[in-house]
Amino acid sequence: MSVVVSDTSPIRALDHLGPTSLLEKFYGEVLIPPGVADELRDPDSALPPLELANIPGVRVQAPHDAAQVERLQQVLDRGESEAITLAIEVNAAALLVDERAARTVAASLGLKSIGVLAALLRAKVEGLVDAVRPLMDQLRTGIDFWISPSLYAEICRLADE
C-alpha cells in the first residue's frame, strides 16, 4: 500500500455511507491537508462536522509550497489546492478527489485521480459491499452528491447492476 492524499468529498461521502475504513484498507495512509481537515470539522453546509480521530488511517499534513497553493487557489478552493500541492510534494500514488475542476488540474500536473465512485466499485469487486447503485442513491439524496446521469449509468454498468 502507498500514500494517497484526499480532498474533502471522498472522505465526506464514505463517512456518510459508513465505510471510512475503506480508505485505510485500500490506500494505506491517507494524508489530508489542513484546508481539508477544516472543511471536514467545520463544513460550510448543513452537513455534520467530522471527527478526524474516528477515521482510520487519515493524517493531517500541511503542504510546504505556499506559492503553489496560492496559484491553484486562483481556480480551486483551499482544500483542493492544498491537496493537489501535497500530493505532488509527497509523490502520492493518487489524489482522492471528485470535483471535475480539481481532477482536471490534477491531471494537468501529472497526478492520478480516484473518485469515491471508483472506491465503491472496488469495494463491490472485493465483496465488501453488495451493490453500488443504492450507495450512489444515498449519496445523491443524503449529502447532495452530484452524479451526472451518464456517470451514474456507467457506474451501474461497470457494477453489473
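Start by selecting α1: this helix is mostly covered, with 8 of its 10 residues buried. "Buried" here means under 20% relative accessible area, "exposed" means over 50%, and "partly exposed" is in between, using a 1.4 Å probe and protein chains only. Helices are DSSP runs of H or I with at least four residues, strands are runs of E with at least two, and both are numbered from the N terminus.

Before you go on, know that you're looking at a predicted model, where local features need pLDDT of at least 70, side-chain atom pairs count only at pLDDT 80 or more, and totals for chains, interfaces and linings use all residues. Residues are numbered from 1 along each chain as its sequence is written, and side-chain values use heavy atoms, with hydrogens and water left out.

**Stop 1: along α1**

Color the buried residues of α1: T8, S9, P10, I11, R12, A13, L14 and L17. Then click on G18, which follows α1 and has a positive phi, near 110 degrees.

**Stop 2: zoom out**

Now show the whole chain as a cartoon.

The C-alpha atoms fill a box of roughly 45 × 35 × 30 Å, taken along the principal axes. For 161 residues, a compact globule would have a radius of gyration near 15 Å, and the chain agrees because it has 15 Å. That radius is taken over C-alpha atoms, and the globule rule is 2.2 Å times the number of residues to the power 0.38.

Of the 161 residues, 47% count as buried.

Among contacts between residues at least 6 apart in sequence, 66% join residues at least 24 apart.

**Stop 3: the largest pocket**

Select S9, D98, E99, F145 and W146: of the 30 residues that line the largest pocket, these are the closest to its centre. About 840 Å³ of space lies in this pocket. On a 1 Å grid over the protein atoms alone, a pocket is an open set of points with protein on both sides within 12 Å along at least five of seven lines; a cavity is a set where a 1.4 Å probe fits but cannot get out; lining residues have an atom within 4 Å of a point. Grid points are joined across faces, edges and corners, and a volume is the space filled by probe spheres set on the points.

Which element gives the most to this lining? That's α1, with 4 residues. The lining divides into 12 nonpolar, 5 polar and 13 charged residues. Ala, Val, Leu, Ile, Met, Phe, Trp, Tyr, Cys and Pro count as nonpolar, Asp, Glu, Lys and Arg as charged, and the others, Gly among them, as polar.

**Stop 4: the cavity**

There is 1 cavity of 30 Å³ or more, and the largest cavity has a volume of about 40 Å³. Select its lining: P10, L14, L23, Y27, L96, I114, G115, V116 and A119. Two or more of the lining residues come from each of α1, α2 (21–27) and α7. By class, the lining has 8 nonpolar, 1 polar and no charged residues.

**Stop 5**

Select G35, V36, A37 and L40, which are buried in α3. The buried residues of α3 pack against β1 (4–6), α1, β2 (30–32), β3 (58–60) and α5 (78–89).

Hop to L86, in helix α5. Is L86 buried or exposed? At 1% relative accessibility, L86 counts as buried. Leaving aside neighbours within four places in sequence, L86 is in contact with V5, L31, I32, P33, Q61, A62 and P63.

**Stop 5: two loops**

Most residues other than glycine have a negative phi. Click on N91, in the loop between α5 and β4 (94–96): its phi is positive, near 50 degrees. N91 counts as exposed, at 66% relative accessibility.

Finish at D144, in the loop between α8 (133–143) and α9. The phi of D144 is also positive, near 55 degrees, and D144 is exposed, with a relative accessible area of 68%.

How values were computed:
Contact = heavy atoms within 4.5 Å.
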